[in-house]
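Please open the structure in a viewer and keep the selection tool at hand.

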Amino acid sequence: MTTLSTRSTARSIKCVLFCQNLSLFAKLFLDNKSVFFDVAAFNYYLLVHNAPNGPSLSPEPQIIGFFSKEKMSWDNNNLACILVFPPWQRKGLGKIMMGISYELSRLGGHIGGPEKPLSELGRIGYLKFWQARIANSILGLKVKTTLSVEDIAEACWMLAEDVVSTLKEMDVLGTRKKNDRTLVISKARVREWVKLNKLDLRPPVDDEGFVEDYLVEEAE
């Protein structure tokens, strides 16, 4: 079973040192990340693996990844740095942490996205995550057959620019018949794209699985 837990970065020297070590470890794999000393401005969220009952090589809870998030971001960044530790990569764990970051945005009542620019691996990972998130939202709406970019951004708690870039990759964007250059999305084209690419639309995170008040962030 995999659970997510948080650690404060501002309450003790021990926590600060721990987060600095996490950031330095991440820098071994992420060349574009530079924050590794002044971690007090960030919250760190740890992905922790709890081994099932019975014999195990790692009976104690084991950290297998993390992501950081600015406590106050003027750009509404919901994620600054993300890393799944190498032995645990390619298991879909990155999209769990991405899902958590967007749930934080939803609970905070503001639309957000990851800090830019993204690394090449980060861009690939987010593109897959966004494609599933957007397609699931579009196909889950039963009222409209044609949707605007703004409709999707609000439904997914995503930045409009991220929605547009993802939809361009999916090649499902069009314009209104009135020729007013308003970008719209056809549900029929999205449905066809999902079927062609065999996209898994299951949400990586259950929004009902959060403990009440668990994600309340500390005020500085």
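A residue is called buried when its relative accessible area is under 20%, exposed when that area is over 50%, and partly exposed in between. The model on display is a predicted one.

**Stop 1**

Select Arg 202 and Asp 200. A salt bridge joins Arg 202 to Asp 200, with 2.9 Å between the closest N and O atoms. Is Arg 202 buried or exposed? Arg 202 has a relative accessibility of 64%, so it counts as exposed. Asp 200, by contrast, has a relative accessible area of 35% and is therefore partly exposed.

Now select Lys 198, which is placed in the segment after helix 6 (187–197). The phi angle of Lys 198 is near 50°, a positive value in a residue other than glycine. Because its relative accessibility is 75%, Lys 198 counts as exposed.

**Stop 2: salt bridges within helices**

The count of salt bridges comes to 6. Select Arg 106 and Glu 103, whose side chains meet in one at 2.4 Å, N to O. Why are Arg 106 and Glu 103 separated by about one helical turn? The two residues are 3 residues apart in helix 2, which means about one turn of the helix between them. At 8% relative accessibility, Glu 103 counts as buried, whereas Arg 106, at 32%, counts as partly exposed.

Next, select Arg 123 and Glu 120. Their salt bridge has its closest N and O atoms 3.7 Å apart. Arg 123 and Glu 120 are 3 residues apart in helix 3, so about one helical turn separates them. The relative accessibility of Arg 123 is 36%, and Arg 123 therefore counts as partly exposed.

**Stop 3: the largest pocket**

Rolling a probe the size of a water molecule over the atoms shows where empty space is left. The largest pocket has a volume of about 1500 Å³. Select Gly 94, Lys 95, Met 98, Gly 125 and Phe 129, which lie nearest the centre of this pocket among the 49 residues that line it. Strand 5 (81–84), helix 2 (93–108), helix 3 (120–140) and helix 4 (149–156) are the elements that give two or more residues to the lining. Which element gives the most to the lining of the largest pocket? Helix 3 does, with 12 residues. Sorted by class, the lining of the largest pocket has 26 nonpolar, 11 polar and 12 charged residues.

**Stop 4: loops with particular backbone features**

Select Lys 116 and Pro 117. The peptide bond from Lys 116 to Pro 117 is cis, and its omega angle is near 0°. Pro 117 is in the loop between strand 6 and helix 3.

Then select Trp 157, in the loop between helix 4 and helix 5 (160–170). Trp 157 has a phi angle near 60°, which is positive although the residue is not glycine. With a relative accessible area of 25%, Trp 157 is partly exposed.

Select Gly 112 next, in the loop between helix 2 and strand 6 (113–114). Is Gly 112 buried or exposed? Gly 112 counts as buried because its relative accessibility is 0%.

**Stop 5**

Select Leu 24, which is in helix 1. Its relative accessible area is 40%, so Leu 24 is partly exposed. Between Leu 24 and Phe 37 the separation is 13 residues in sequence and 8.5 Å in space, C-alpha to C-alpha.

Finally, select Phe 25, Leu 28 and Phe 29. Together, Phe 25, Leu 28 and Phe 29 make a nonpolar surface patch of about 290 Å². Where does Phe 29 lie? Phe 29 lies in the loop between helix 1 (13–27) and strand 2 (42–49). At 39% relative accessibility, Phe 29 counts as partly exposed.

How values were computed:
Residues are numbered from 1 along each chain as its sequence is written. This is a predicted model: local features need pLDDT of at least 70, side-chain atom pairs count only at pLDDT 80 or more; totals for chains, interfaces and linings use all residues. Side-chain values use heavy atoms; hydrogens and water are left out. Patches are made of residues with over 30% relative accessible area and no salt bridge: like charges are joined within 9 Å, nonpolar side chains (Val, Leu, Ile, Met, Phe, Trp, Tyr) within 5 Å. Accessible areas come from the Shrake-Rupley method with a 1.4 Å probe; for residues, only the protein chains shown count as cover. A salt bridge is a side-chain nitrogen of Lys or Arg within 4 Å of a carboxyl oxygen of Asp or Glu. Helices (H or I, at least four residues) and strands (E, at least two) are DSSP runs, numbered from the N terminus. Buried means under 20% relative accessible area, exposed over 50%, partly exposed in between (1.4 Å probe, protein chains only). On a 1 Å grid over the protein atoms alone, a cavity is a set of points where a 1.4 Å probe fits but cannot get out, and a pocket is an open set with protein on both sides within 12 Å along at least five of seven lines; lining residues have an atom within 4 Å of a point. Grid points are joined across faces, edges and corners, and a volume is the space filled by probe spheres set on the points. Ala, Val, Leu, Ile, Met, Phe, Trp, Tyr, Cys and Pro count as nonpolar, Asp, Glu, Lys and Arg as charged, and the others, Gly among them, as polar.
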